[in-house]
Amino acid sequence: MTKRWSAGDAVVLRYLGRIRAGTPAIVVEDSDERVMVYVPDGVRWFGSGAAPAGRSERVRAIARGETVVTGRHISWYNHNLRVLLPGRAYSIWLFWTPAWQFISYYVNLEAPFARSAVGFDSRDHVLDVCVRADRTWYYKDQDELDTRVEVGMVTAKAAAGVRRDAEQAVALIEGWQPPFNAGLEQWRPDPAWPVPVLPPGWDGHATEIQPWVRFPTAG
């Protein structure tokens, strides 16, 4: 197994796929129960960036060969703490403004993380759950997931599995179970931690995270 990381270590969070996205982060905790990493406001990450209006239509254009997705370096906005749970097909994110006013939770549906030589790898599963500060929630990007099934990028079976994973996360939200009830809204980084950057060669030595592979769920 790739080594454990220590608090304050700089790592790269990678999402493997058509564009290998990479975000520099600082390790907060690396234990058997969870991994927590911090992405500071203003860091530079690599990815395709925010999709323009009409995400579903962009998916159709990609399927028709009319749009090519390219990667670029982008500035990250707002402080972001990510909680990775071993074996779970989602990670849980917290967001704060640059002045540390809490904004919201966010559940990112993705392949359970794998350790890499530079940090942690996953693969995004499109669907997300947004959780407001008052604990109400809503699904995000359901239409894009449906469109990916429609054009054959994702099988109906795989999409159904992603929706089941989302339902599992929603059960945690509605019961306000860990990590939602852990008081992480009050968390703050160590001021001595460095600002992380993408190191040379960050996009090499990919782990074997295959498209739409679901691992056994812990718990």
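Guide: What follows is a short tour in questions and answers. Keep in mind that this is a predicted model.

Visitor: Start with His79. Where is His79 found?
Guide: His79 is found in strand E6, residues 79-84.

Visitor: How do you know whether His79 is buried or exposed?
Guide: Its relative accessible area is 9%. Buried means under 20%. Therefore His79 is buried.

Visitor: What makes the pair of Asp41 and His79 a polar contact?
Guide: The backbone nitrogen of Asp41 lies 3.4 Å from a polar atom of the His79 side chain. The limit for a polar contact is 3.5 Å.

Visitor: Which residues is His79 in contact with, leaving aside its neighbours within four places in sequence?
Guide: Among them are Tyr38, Val39, Pro40, Asp41, Trp96 and Trp100.

Visitor: Now Arg123. Why is Arg123 called buried?
Guide: Arg123 has a relative accessible area of 18%. The cut-off is under 20%, so Arg123 counts as buried. Its place is in the loop between strand E10 (119-122) and strand E11 (124-132). A polar atom of the Arg123 side chain lies 3.2 Å from the backbone oxygen of Leu16.

Visitor: What makes E1 and E2 a pair of strands?
Guide: Two strands pair if there are at least two bridges between them. Six bridges join E1 (residues 10-15) to E2 (residues 21-30), and the two run antiparallel. Val11 stands opposite Ala25 in E2.

Visitor: In which sense do E1 and E10 pair?
Guide: E1 and E10 pair in the parallel sense, over four bridges. There, Val12 stands opposite Gly119 in E10.

Visitor: How do you know that E1 is mostly covered?
Guide: Five of its six residues are buried.

Visitor: On to the rings. How many aromatic pairs does a search of the whole structure find?
Guide: The search finds 20. One of them is Trp76 with Trp93.

Visitor: Why is the pair of Trp76 and Trp93 called tilted?
Guide: Their centres are 6.4 Å apart, and the limit for a pair is 6.5 Å. The planes are at 55 degrees. Stacked needs under 30 degrees, edge-to-face needs over 60, and the rest is tilted. Therefore this pair is tilted.

Visitor: What parts does the pair tie together?
Guide: Trp76 lies in the loop between strand E5 (72-75) and E6, and Trp93 in strand E7 (residues 90-96). So the pair ties together parts that are 17 residues apart in sequence. Trp76 is buried at 11%. Trp93 is buried too, at 8%.

Visitor: What makes the pair of Phe102 and Tyr105 edge-to-face?
Guide: The planes are at 70 degrees, with the centres 5.5 Å apart. Phe102 is partly exposed at 21%, while Tyr105 is buried at 1%.

Visitor: How do you know that a charge sits over the ring of Trp93?
Guide: The charged end of Arg82 is 3.8 Å from the ring centre. The distance limit is 6 Å.

Visitor: Last one. Why is Arg135 called partly exposed?
Guide: Its relative accessibility is 47%. Partly exposed lies between the buried limit of 20% and the exposed limit of 50%. So Arg135 counts as partly exposed. Its phi is near 80 degrees, a positive value.

Technical notes
Residues are numbered from 1 along each chain as its sequence is written. Side-chain values use heavy atoms; hydrogens and water are left out. Buried means under 20% relative accessible area, exposed over 50%, partly exposed in between (1.4 Å probe, protein chains only). A polar contact is a pair of N or O atoms within 3.5 Å; within protein, one must be able to donate a hydrogen and the other to accept it, and residues adjacent in sequence count only if both atoms are side-chain atoms. Contact means heavy atoms within 4.5 Å. Rings of Phe, Tyr and Trp (its six-membered ring) pair if their centres lie within 6.5 Å; planes under 30 degrees apart count as stacked, over 60 as edge-to-face and the rest as tilted. A charge sits over a ring if NZ of Lys or CZ of Arg is within 6 Å of the ring centre and within 35 degrees of the ring normal.
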